[in-house]
Amino acid sequence: MGENQDIIESLRETSLSKLAEISSLKAWDAFRVEILGKSGALTMQLRSLSKVPPDQRKARGQSLNQLRGELEKAFAESKALLEEKALVAQLESEAEDITIEGRLHSAGTLHPVMSVIDEIETIFSGLGFERAEGPNIETVWHNFSALNTPEEHPARAEGDTFYLPAKEGEERAVLRTQTSGVQIRTLMDRKPPFRIIAPGRTYRNDHDATHSPMFHQCEGLVVGKNLGLGHLKYTIETFLKHFFEDSTLPLRFRTSYFPFTVPSLEIDIGMRDKKGHFEKWLEVLGAGMVHPQVLANCGVDPEEYTGFAFGMGVERLAMLKYGIDDLRAFYASDLRWLRHHGFSAFRAPIFHHFENKQ
């Protein structure tokens with residue numbers, strides 16, 4: 001009995017002594033397994049109880065169980081202490097010195113195209129227009145036929161338009177060459193009267209300093225009763241004078257031809273030199289009264305309703321207003337150019353008034 005008690009006391013002293021010296025959770029876990037694990041020293045002592053004489057078995061079992069409880073408590077206290085020390089060390093290593101000067105981050109800007117679209121929408125919303133959208137991939141009917149565009153029109157040529165491979169039994173599709181398809185869809189889906197603008201991407205097979213295979217247009221459509229050229233003229237004048245922030249902006253309306261409007265007009269603005277003197281005319285958009293056949297194609301009675309439409313290139317307006325001379329720069333992804341021509345997302349909004357410029 002004395003020998004067995006000596007083994008238990010030795011195990012207690014050795015275990016508590018080594019446990020006090022452990023300084024890491026990894027070493028603690030390894031020592032726990034060594035003493036209390038399935039093959040640990042204390043576990044093996046408990047398993048050997050069957051070999052102890054029956055008259056000594058109970059007393060030895062009680063002593064071993066008492067030791068097990070004592071060691072489990074000691075291991076738990078040791079683990080808590082080690083975890084606290086590890087957390088303190090982690091916090092110290094990850095601490096940020098908030099007295100250090102902050103790091104500067106460059107702020108992003110709005111692309112000129114997006115900014116100009118915002119300007120256009122803001123002005124037209126003040127005139128009672130709402131935004132309408134449509135798909136980038138259009139049917140030939142929506143893109144050409146419904147707009148009264150003849151089969152032999154140059155815009156339908158393969159060299160000018162991006163056609164998609166035709167699916168068997170279906171009409172050939174195109175990447176829309178204008179956002180006029182949105183006007184057609186609106187005419188078919190809604191009952192007049194309404195006023196819409198349709199900004200969005202368009203695609204044409206052209207690429208140089210003033211043309212891009214992908215560019216942005218904004219088209220407008222107003223349909224109602226008893227509309228005439230006076231309503232069209234007022235709308236265009238109001239928009240251009242607000243957009244260019246010049247109430248005395250010279251404007252010129254010239255007769256033209258578009259298959260979807262009659263009469264058709266092209267609108268020029270007068271450019272001034274640095275001294276404010278008139279220099280030259282520049283064309284900025286096309287417009288006209290909606291052709292009766294277009295209304296009829298969409299199920300709108302041309303005897304009851306009239307309308308006017310207009311369209312403008314967003315990049316062209318941006319180039320004129322902000323002095324950008326190469327369309328290709330818009331999509332070159334040059335950060336220096338974007339920082340120079342970009343706009344803050346937090347700039348003041350556009351208001352529907354302007355001062356006279358003498």
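Modeller: The count comes to 0 disulfides, a disulfide being a pair of cysteine sulfur atoms within 2.5 Å. This is a predicted model, in which local features need pLDDT of at least 70 and side-chain atom pairs count only at pLDDT 80 or more, while totals for chains, interfaces and linings use all residues. Residues are numbered from 1 along each chain as its sequence is written, and side-chain values use heavy atoms, without hydrogens and water.

Cys 218 is in no disulfide, and the nearest cysteine sulfur, that of Cys 298, is 19 Å away. Cys 298 is likewise in no disulfide; its nearest cysteine sulfur is that of Cys 218, at 19 Å. Cys 218 has 1% relative accessibility and counts as buried (under 20% relative accessible area; exposed is over 50%, partly exposed in between, with a 1.4 Å probe and protein chains only). Cys 298, at 8%, also counts as buried.

Pairing between strands is another matter. Strands (E, at least two residues) and helices (H or I, at least four) are DSSP runs numbered from the N terminus, and two strands pair if DSSP finds at least two bridges between them. An open sheet of 7 strands has mixed pairing and the order 1-4-5-9-8-7-6. Strand 1 (130-131) and strand 6 (251-258) stand at the edges with a single partner strand each, so one side of each has no neighbour in the sheet. Strand 7 (residues 261-272) runs antiparallel to strand 8 (residues 278-290), and 10 bridges join them. Arg 272 has Phe 278 of strand 8 as its bridge partner.
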